[in-house]
Structure formats: structure tokens, C-alpha cells
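The following paragraphs lead the reader through a protein structure. Please keep the sequence and the three-dimensional view at hand while reading.

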Amino acid sequence: MTQAIRLKAKEYKSGVKPIWCPGCGHFSVLNAITKAMAGLGIDKDNTVLVSGIGCSSRLPAYVDSYGFHGVHGRGLAIAQGLKVARPDLTVLALGGDGDGFSIGGNHFIHACRRNVNMTYIAMDNEVYGMTQGQASPTTPMDWDHSKLTPHGPGVRPFKPAALALAAGAPWIARGYSGNPNQIAKLIAQAVEHPGFSFLHVMSQCITFCPEQTDWKAIVNERAEPALSDADEAAKLFLHESGFQTGLLYCEQRSTWPPAGAAAGDAGALAGLAASFRV
Ligand SMILES: Cc1ncc(C[n+]2csc(CCOP(=O)(O)OP(=O)(O)O)c2C)c(N)n1
Ligand code: SF4
């Protein structure tokens with residue numbers, strides 16, 4: 001009989017000290033992840049955190065599980081491949097809005113439609129933090145705080161939840177770095193959802209967007225249960241402010257690969273691996 005795992009949240013921390021700026025929203029996501037892992041009694045030896053590149057993508061180093069700090073925008077590709085090859089593992093992909101919606105945008109929409117049983121956490125600060133504050137796909141049109149985009153980028157920002165829904169994501173939630181307890185609850189639900197779960201976290205970049213501290217006044221928690229009707233969810237995601245938090249949309253649909261498909265077949269994988277050996 002396997003023994004239940006009872007560890008405290010802090011025991012899921014790696015001991016590597018985060019080098020984020022004091023006040024960075026990504027600290028909340030880190031704390032929420034370890035809290036969710038403790039709450040679920042997750043086996044850290046069977047958990048993998050995969051990321052791309054960016055301040056947010058440093059997160060796997062700070063968690064005492066397996067981790068893969070990949071290349072920019074490719075965390076989801078790596079994470080899906082891993083989950084398909086090793087369905088027994090708990091797989092989470094993480095990254096920023098630049099990583100996930102810009103250079104990794106293609107992987108994001110295809111991950112939504114593919115529906116591999118894993119969780120993706122996008123830590124959205126509406127800016128490229130690591131490379132000194134350039135505009136990202138979620139930067140407001142008139143954000144004129146960077147010399148690179150005087151008067152603002154001038155293009156409409158993505159609405160990540162609407163994009164995810166249109167691409168077929170079956171589970172969509174939003175958190176806010178000012179409420180790590182809510183993020184922890186959402187992560188636990190996301191991990192337990194049998195399919196691709198997309199958690200969009202508004203995670204402030206205190207250094208390049210200090211005005212984001214104002215988010216606390218506009219964030220509001222959804223009181224109603226999650227929507228399960230895609231038409232209703234489309235209306236919500238197209239017209240909302242983008243600051244409604246909680247589980248917003250949830251439907252059940254079949255995951256990929258289909259049960260019984262050869263993708264998890266150890267023999268087929270060994271053959272594939274051999275063909276790449278030089
Ligand atoms: C192929 C490639 N292009 C560009 C970069 C430079 N780069 C590193 S991080 C980054 C953006 C990070 O922004 P985001 O994903 O929003 O994360 P944040 O730092 O804001 O948490 C960019 C453009 C890179 N490392 N690799
Ligand atoms: S630059 Fe922004 S995103 Fe990066 S660590 Fe500092 S506050 Fe966080």
C-alpha cells in the first residue's frame with residue numbers, strides 16, 4: 001500500500017533563493033504552487049515543472065521537484081511531449097505572457113485544442129520583465145512607460161481567456177498575485193481536472209509596471225459557478241475587464257492521446273529514441 005504524502009508547503013521549496021525583485025507577483029505563484037502541492041499530497045518525485053524563458057520561467061528552480069527550464073516559448077511543447085510519454089507524471093508548464101502568447105503563441109493555441117492532461121500557468125504581467133520592460137501581447141494599447149513604444153504599442157492586447165476558449169481549452173481560470181490562497185486552490189483544481197487546464201494569473205511586475213499595484217482595486221472574484229456553455233463563456237471573455245478571478249469555464253472533453261493509442265507505448269518510444277541516436 002502506498003503511504004499518503006504529508007509534507008508542508010515549505011518542504012516543496014528547493015532552497016534556491018529566488019532572484020526576483022522584491023514585490024514581484026511571481027513570488028505569490030511560487031507560494032501557491034507549493035501550497036497546492038502540499039494540499040494535494042503530491043509526490044515531488046513524480047512531478048515535473050517545465051518552463052520557457054523569462055523571470056516567471058525561473059520558477060521550476062525554486063521548487064523541489066523535477067524541472068526543465070526550456071527555451072523561450074517552448075515549455076508547452078516539452079511538457080506535452082513529456083506527459084504523453086509518461087502519463088503517470090504530474091506535469092505543469094509555466095511561463096510569462098511574452099513566453100506563452102508571443103514566441104510561444106502557436107504552442108499555446110495548439111495545446112488548448114490538443115487537450116493533453118496537464119496544467120499550464122501563464123504569469124501575466126503585461127510586459128517582458130526579464131528583458132527590461134518591452135511591450136508584450138497583453139500590454140494595453142496606450143501603455144507609454146517604455147521608450148521602445150512611445151505613446152504605447154498601439155495594438156489591441158490579446159484576451160488570453162478568449163483565445164484559449166476559441167482554441168478549445170476545456171478548463172479556464174484566472175488568479176491574481178495579490179491572492180495566493182485563491183491561486184493555490186485553483187492550481188489544485190487544475191491539477192485534478194482530467195485534461196488541459198489553463199490558469200491565467202495576473203502577476204504584477206513591480207519594476208517595469210509599478211502602476212499594476214492598482215489591480216487590487218479592480219480584481220473581482222466570480223461569485224457564480226464556472227460556465228460550461230462555450231457560447232456563454234465567449235460572451236464573458238470577450239466583454240469582461242480581464243480581472244474577474246476564479247474558475248471561469250469548465251467542460252469535460254476527451255483528452256489526447258486517445259485511450260489505447262500507441263503514444264504511451266514504451267516499445268514505440270524506445271524505437272523513436274533509437275532513431276535519434278548518433
Ligand atoms: C529565442 C529567444 N528570443 C528572445 C529571447 C529574449 N527574451 C528572454 S525572456 C523574454 C521575455 C520574457 O517575458 P515574459 O515571458 O512575459 O516573462 P517575465 O520576464 O515578464 O516574467 C525575451 C524576449 C530569448 N531568450 N530567446
Ligand atoms: S523585472 Fe518584473 S517580472 Fe522580473 S523579477 Fe522584477 S518585478 Fe518580477
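Which residue has a polar backbone atom 2.8 Å from an oxygen atom of ligand 1? The residue is Gly129. This is a predicted model, in which local features need pLDDT of at least 70 and side-chain atom pairs count only at pLDDT 80 or more, while totals for chains, interfaces and linings use all residues. Residues are numbered from 1 along each chain as its sequence is written, chains are lettered from A and ligands numbered from 1 in the order in which they are written, and side-chain values use heavy atoms, with hydrogens and water left out.

A residue is counted as near a molecule or strand if one of its heavy atoms lies within 4 Å of it. Around ligand 1 there are 17 such residues, and Cys55, Ser56, Gly98, Asp99 and Gly129 come nearest.

Helices (H or I, at least four residues) and strands (E, at least two) are DSSP runs, numbered from the N terminus. Helix 3 (97–103) and strand 5 (127–128) each supply at least two residues of the shell around ligand 1. Helix 3 gives the most, with 4 residues.

Ser56 deserves a separate look. This residue sits in the loop between strand 1 (47–51) and strand 2 (66–69). Is Ser56 buried or exposed? Its relative accessibility is 5%, so Ser56 counts as buried; buried means under 20% relative accessible area, exposed over 50%, and partly exposed in between (1.4 Å probe, protein chains only). The side chain of Ser56 also reaches the backbone nitrogen of Gly96 at 3.0 Å. Ser56 touches Trp20, His26, Gly95, Gly96 and Met123, if residues up to four places away in sequence are not counted. Contact here means heavy atoms within 4.5 Å.

Among the residues around ligand 2 are Trp20, Cys21, Cys24, His26, Cys55 and Gly129.

Attention now turns to helix 8 (residues 230–239), where Ala233, Leu236 and Phe237 are buried. Seen down the axis of helix 8, the buried residues fall within an arc of 90 degrees, so they line one face of the helix; the arc is that of the directions from the helix axis to the C-beta atoms. The face turned away from the buried side of helix 8 carries Asp231, Lys235 and His239, which are exposed. The buried residues of helix 8 pack against helix 5 (160–167), strand 7 (171–176) and strand 10 (244–250).

Strand 10 includes Gln244, which counts as buried because its relative accessibility is 12%. Leaving aside neighbours within four places in sequence, Gln244 is in contact with Arg174, Asn220, Arg222, Glu224 and Leu236. The side chains of Gln244 and Arg222 are joined by a polar contact of 3.3 Å. A polar contact is a pair of N or O atoms within 3.5 Å; within protein, one must be able to donate a hydrogen and the other to accept it, and residues adjacent in sequence count only if both atoms are side-chain atoms.
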